[in-house]
Amino acid sequence: MTSGKLFVFTGPSGTGKGTILGKVLQAEPRLRLSVSATTRSPRAGEQDGVHYWFMDQSTFEEKIEQNAFLEYACYVGNYYGTPEQPVNDQLAAGYDVVLEIEVQGAMQIHQKRPDAVMVFVAPPSIAELENRLQGRGTEDAAKVAARLAQAQKELTYQNQFDYVIVNDVLDEAVADLRSILRAEHCRVSHTTTP
């Protein structure tokens, strides 16, 4: 059995990462979504090991000391991170694993795991991104402006990724990601064999 491949999927808020990935996960049986760990409390309906690995702060910090995360960060007083062992277990079992994470976390993984295939999702334009963020109706104008400012910073990282998908037409973006998955399994290995 051949090992799976590690994919990192990121891009600014509002680019449709979750929507694209949800459709691809339904269509690709050998693809698994990595489950992140967090120190925040579970929300109604969230299950440990399904939505997140829920742990207390001291346990999370022990795992940081043990270098057990591919990446981690602290947001609004809670830690979030990607435990490495479950990812390695899935890869060893022959599954491809995708991490849907923030751009900064993606850059951490790029340093730690140069074998990871880096995929960036971009909006067709900043104006369209603004329309999408406003269209959600979940945040006030100040939060939308802050997300747009963050998106403009994150877009400067595109050239550090292996692939960029511009999510203009959803079905095309889904097809693009599925094509990337297939192409990576056709890539010639440059390792020498004895």
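**Stop one: a helix pair**

Select residues 17-27, helix α1, and residues 170-186, helix α7: they pack at an angle of about 55°, and their axes are 9 Å apart. That angle makes α1 oblique to α7. The crossing of the two, α1 and α7, is right-handed. Keep in mind that you're looking at a predicted model.

Now show side chains. From α1, pick T19, I20, L21, K23, V24 and A27; they meet L170, A173, V174, L177, R178 and L181 in α7. Colour this contact of α1 with α7 by residue class and you get nine nonpolar, one polar and two charged residues.

**Stop two: T19**

Stay in helix α1 and zoom in on T19. Is T19 buried or partly exposed? T19 has a relative accessible area of 44%, so it counts as partly exposed.

**Stop three: the cores**

Next, go to the largest nonpolar core, which has 18 residues; L6, V8, V87, L99 and I109 touch the most other members. To see where this core comes from, select β1 (6-10), α3 (84-92), β7 (96-100), α4 (103-112) and β8 (117-122), the elements that give it two or more residues. The most comes from α4, with four residues.

Click on I109: leaving out residues up to four places away in sequence, I109 touches V8, L70, E71, L99, I101 and A116.

Finally, another core of 16 residues lies apart from the largest one; select L31, V117, I165 and I180, which are among its members.

Notes. Residues are numbered from 1 along each chain as its sequence is written. This is a predicted model: local features need pLDDT of at least 70, side-chain atom pairs count only at pLDDT 80 or more; totals for chains, interfaces and linings use all residues. Side-chain values use heavy atoms; hydrogens and water are left out. Axes are lines fitted to C-alpha atoms, for helices over the stretch in contact, and angles run from 0 to 180 degrees between N-to-C directions. Angles under 35 degrees count as roughly parallel, over 145 as roughly antiparallel, 65 to 115 as roughly perpendicular and the rest as oblique. A crossing is left-handed if the near helix is turned anticlockwise from the far one by less than a right angle, and right-handed if clockwise. Contact means heavy atoms within 4.5 Å. Ala, Val, Leu, Ile, Met, Phe, Trp, Tyr, Cys and Pro count as nonpolar, Asp, Glu, Lys and Arg as charged, and the others, Gly among them, as polar. Buried means under 20% relative accessible area, exposed over 50%, partly exposed in between (1.4 Å probe, protein chains only). A nonpolar core is a set of buried Ala, Val, Leu, Ile, Met, Phe, Trp, Tyr and Cys residues joined through side-chain atoms within 4.5 Å.
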